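Here's a quick tour of how the side chains pack in this one. Have the viewer open and follow along.

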Amino acid sequence: MTADSALTDARRALAQGDFARAARMAEAAGRADPRSAEPYFIMAMALAETGHVAHALGRVQRAVALDPDNAEYRAQDARLLILLQRDAEARVAATRAVALGSEDPLVLDTIGCVLARLGDHGAALPLFERAVAARPDTLSFRFNYASSLGFFGQAEQAGAQYEAMIARDPGNGQAHYGLAGLARQTPARNHIPRIEAAIPHARDHAAFVRLHYAAAKAHEDLGANDAAFAHLDVANRAHKARIGYDPQTDAALVRALRTAFERPGYFTGPGLPGAAPIFVVGLPRTGTTLVERILAAHPRVRSLGELQAMPLAVKRLSQSPSRLVLDAQTIAGAARLTPRDVAQAWLDCAQAQAGAPGGARLLDKFPLNFLYIGFIARAFPDARIVCLRRHPLDSVWSNFKHLFALGSPYYGFSYDLLDTARYYALFDGMMAFWRDRFPGQVMELGYEALLADQEGQTRALLVHCGLDWDPACLEFHTARGAVATPSAQQVRRPINRDSVDRWKGYAEHLAPAMAYLRAQGIA
């Protein structure tokens, strides 16, 4: 067998999912010709597919060094760097890959995904478009393109892409769920029959869950609340059983945080004065995106989206070997850290995400940063923190009915109404703790109050953030930038009260959650 045919077979094994065979053949080819880049690349992909991303990066960077003009190698280098949260390096690698001008659709899609993860949706969109044009039957390319169109409010174009996916695969859960979120369903125009017809034929667990969520969204739009709940109940029971969520895990995490910050000397020392980032936190689905868009409309603010840089900074610097981003082991390891080091790590990541440096205030809108308020307040003494508060039962219902990323480690509580009520109580107690430890450093902003008095609450928000009044903040919905959150369609409309008191339509189903919250002293 020639070296070329061996590498062809190794590529074939890689495509077929036989990663061990692909790696063996590539390694043998590499020994025969150490100056060939392809064996290193195939080994890298096999390692990455089996979870050894750090080792894969070394191999792919060797391939890049041997063949620097190969756009596929550059694109995968960027992808692996993103997986390892090395965002600044990933941006450089992606930029170099784009500059090579490849028209390979997989390369285009890979670079687009990297740029989207970096928040550069404007650069990602045309790459996804070209990938779809080159390979229209690859549904993953169409999904990425449709999602990106939706981020820019191009609902009609996004819908066309989702419909093209459904035409090729009638049971595609991603397409049905994406389409359901683009517009309100009406009695005259809805997709309920074809969604429900597809559910019995769902090819896997993910499709099953997404189809039920799509049906629930459509039924809720039509006011059929019991039918909506029935679909959510089936999907969420199945997914909770799949992930094995235990509410005691989150309760233990909150206890560990409180215990740590009650100890004298825990995470103390000088922070990074002068830097004044803005952090918007709170439970998911409570108006954090709305407040982000209001602030991002200010000419002196640069939003970085849901950055997750603070959790990653604490995790990396603590040198905790545990798999969870935040747990008792990580919290204990953070006792050795200095606030200044954590601040600098966050700032490095934020500036890499922001791209070109400028004088704008950086805004990080990762809702679950409410767990990190102690770290934020000490790392950045001049930071401004805004925590959204929403009616407890609207918060519980909105989390239960929203499908977060199925593989995410953060949202296990959301697949059961009582678990979600428990998590709300943990959040409420955590905020009371931070309020006591760091008085005056957090503005707690009521979602309903903001809807009732947009200008008054927006003025108070800007004062808290140290920003001058700017009327553009009242016209946030006219901004043309990407909104890469589940609220992308809602925040493109003027403020309205459509989502207030939604829980009342599900009061019977929420009764156990309501009783639990009352027992915790939460009105």
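Is F279 buried or exposed? F279 is buried, at a relative accessible area of 0%. Keep in mind that this is a predicted model.

**Core packing**

F380 touches F279, along with L272, A275, P277, M310, A343 and W346, leaving aside residues up to four places away in sequence. F380 is itself one of the five residues that touch the most other members of the largest nonpolar core, together with M310, W346, F370 and F375. That core has 82 residues, and helix α22 (residues 417-437) supplies the largest share of them, 10 residues. There's a second, separate core as well, with 59 residues, including L7, A37, V60 and A146.

**Aromatic pairs**

Rings turn up a lot here: the count comes to 26 aromatic pairs. Two of them are set out below.

| Pair | Centre to centre | Angle between planes | Geometry |
|---|---|---|---|
| F261 and W434 | 5.2 Å | 85° | edge-to-face |
| F279 and W346 | 5.2 Å | 50° | tilted |

Take F261 and W434 first. F261 sits in helix α15 and W434 in helix α22, so their pairing ties together parts 173 residues apart in sequence. Both ends are tucked away: F261 is buried at 1% relative accessible area, and W434 is buried at 0%.

Now back to F279 and its partner W346. F279 belongs to strand β1 and W346 to helix α19 (residues 339-354), so this pair links parts that are 67 residues apart in sequence. W346 counts as buried too, because its relative accessibility is 0%.

Elsewhere, F366, F370, F404, Y410, Y411, F413, Y423, Y424 and F427 form one aromatic cluster.

**Charges over rings**

Two arginines are worth a click. The charged end of R62 sits over the ring of Y40, 5.6 Å from its centre. R459 lies over the face of W469, at 3.9 Å from the ring centre.

**Two positive phi values**

Which residues other than glycine have a positive phi? Q85, with phi near 60°, is one of them, and F267, with phi near 50°, is another. Q85 is in the loop between α5 (71-83) and α6 (87-99), while F267 is in the loop between α15 (247-262) and β1 (278-282).

Key: Residues numbered from 1 in each chain as written. Predicted model: local features only at pLDDT ≥ 70, side-chain atom pairs only at ≥ 80, totals over all residues. Heavy atoms only, no water. Core = buried A, V, L, I, M, F, W, Y, C linked by side-chain atoms within 4.5 Å. Buried < 20%, exposed > 50% of the residue type's maximum accessible area, 1.4 Å probe, protein only. Helix = DSSP H or I, 4+ residues; strand = E, 2+ residues; numbered from the N terminus. Contact = heavy atoms within 4.5 Å. Phe/Tyr/Trp six-rings, centres within 6.5 Å; stacked < 30°, edge-to-face > 60°. Lys NZ or Arg CZ within 6 Å of the ring centre and 35° of its normal.
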